[in-house]
Amino acid sequence: MIEVSRGMSMDVEGDGSVREDGSTYSYESMESLTDYLLKRTKHRPLVGVICGSGMGGLADMLEDKESFPYHEIPGFPTSTVAGHKGRLVFGVLKGVTTVCMQGRFHVYEGYSLWKCAMPVRVMKLIGVKTLIVTNAAGGLNPDFRIGDIMLIKDHINFPGFAGDNPLRGRNDDRWGPRFPAINNAYDIKLRNLAKEIAIDLGLGDYLREGVYAMVGGPSYETVSELRALRTLGADAVGMSTAHEVIAAKHCGLRVFGLSLITNECVMEYDVQRSANHAEVLETSNRRKTDLEKLVTNLVALIKH
């Protein structure tokens, strides 16, 4: 047994063992974690939202909120990045019961990919049917501008190229198949609905669609790395999301994703400009109202 916060213990593998791949969340331990939350909230959400850097205001828009700081949830990691409050927030958004991750977890914080994706499985057991993932990303496509909103149509999971995947290790068929298909991971009906909503909100001039590339971070990419990503078809790059989407598709969730283009990637040598997190948060703060309107209107129209 592993001792976790608030006096609760969690059997990591059903028999107290740890998997050979290092992961420590069995299906039964995830059920225990879920029971802990459901006993403490009256809400039974159908939609889950993961808020990217500077986008935690989405969680603040929930009505009848019940919040759980990550450090108080047994077995949960904690978020250490500026712009991520670190709370799981239950409530009602536009009449739809919703749960928001007000801050996510990243590999560069020292967590394994399976652990970063663990909250998605919690959402599944809670009853979530649709997952909305948001992130701040650097723009690789030369037609993109700072402040654009990119609907994600596909991703390139670069950690996966090196064998690092949230599904690595022994598969539990109760979550999903050993070899899940990830093509069409981002629901086309939700993307088309989001396009209609964006146009109605007057955001058509800022709306883009493209491919998101996930890298490990925390260092920003070199010029050569960025050029390689662009050559491979990536329109934007960031340090999150792909592993969450893989876990979501594995356990049967419908997924919608969007990136806020918070900075233009530096793809020329011998220039003084460089990427920085302050710019990311500044752009997120400037466009947060538009993002909140887009996501809340999308949630209101999601049918289960």
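Predicted model: local features only at pLDDT ≥ 70, side-chain atom pairs only at ≥ 80, totals over all residues.
Let me start with helix α7, residues 223-231, whose buried residues are Val223, Leu226 and Leu229; buried here means under 20% relative accessible area, exposed means over 50%, and partly exposed lies in between, with a 1.4 Å probe and protein chains only. Seen down the axis of α7, these buried residues fall within an arc of 125°, so they line one face of the helix, the arc being that of the directions from the helix axis to the C-beta atoms. What do they pack against? The buried residues of α7 pack against α5 (158-161), β9 (207-214) and β10 (236-238), where contact means heavy atoms within 4.5 Å. After α7 comes Gly233, which has a positive phi, near 105°.

Residues are numbered from 1 along each chain as its sequence is written, and side-chain values use heavy atoms, with hydrogens and water left out.

Now the overall picture. The protein has 9 helices and 11 strands, taken as DSSP runs numbered from the N terminus, with helices being H or I of at least four residues and strands E of at least two. Of its 304 residues, 55% count as buried, and among contacts between residues at least 6 apart in sequence, 79% join residues at least 24 apart.

Turning to charges, a search of the whole structure finds 12 salt bridges, each being a side-chain nitrogen of Lys or Arg within 4 Å of a carboxyl oxygen of Asp or Glu. One of them pairs Arg174 with Glu28, with the closest N and O atoms 2.8 Å apart. Arg174 lies in the loop between α5 and α6 (188-200) and Glu28 in helix α1 (residues 27-38), so this pair ties together parts that are 146 residues apart in sequence. Both ends are partly exposed, Arg174 with a relative accessible area of 46% and Glu28 with 35%. Arg174 also meets Asp172 in a salt bridge at 2.9 Å, N to O, and through shared partners Glu28, Asp172 and Arg174 are joined into one network.

Another salt bridge joins the side chains of Asp148 and Arg208, at 3.3 Å from N to O. Asp148 lies in the loop between β7 (130-139) and β8 (149-157), and Arg208 in strand β9, so the pair ties together parts that are 60 residues apart in sequence. Asp148 counts as buried at 3% relative accessibility, whereas Arg208 is partly exposed at 24%.

The side chain of Glu109 does, however, reach the backbone nitrogen of His106 at 2.8 Å. Leaving aside neighbours within four places in sequence, Glu109 is in contact with Thr78, Ser79, Thr80, Val81 and Arg104.

Finally, the cysteines. A search of the whole structure finds 0 disulfides, a disulfide being a pair of cysteine sulfur atoms within 2.5 Å. For Cys51, the nearest cysteine sulfur, that of Cys100, is 4.7 Å away. Cys51 is buried at 0% relative accessibility, and Cys251 is buried with a relative accessible area of 4%.

Definitions and conventions
Polar contact = N/O pair within 3.5 Å; in protein donor to acceptor, adjacent residues only side chain to side chain.
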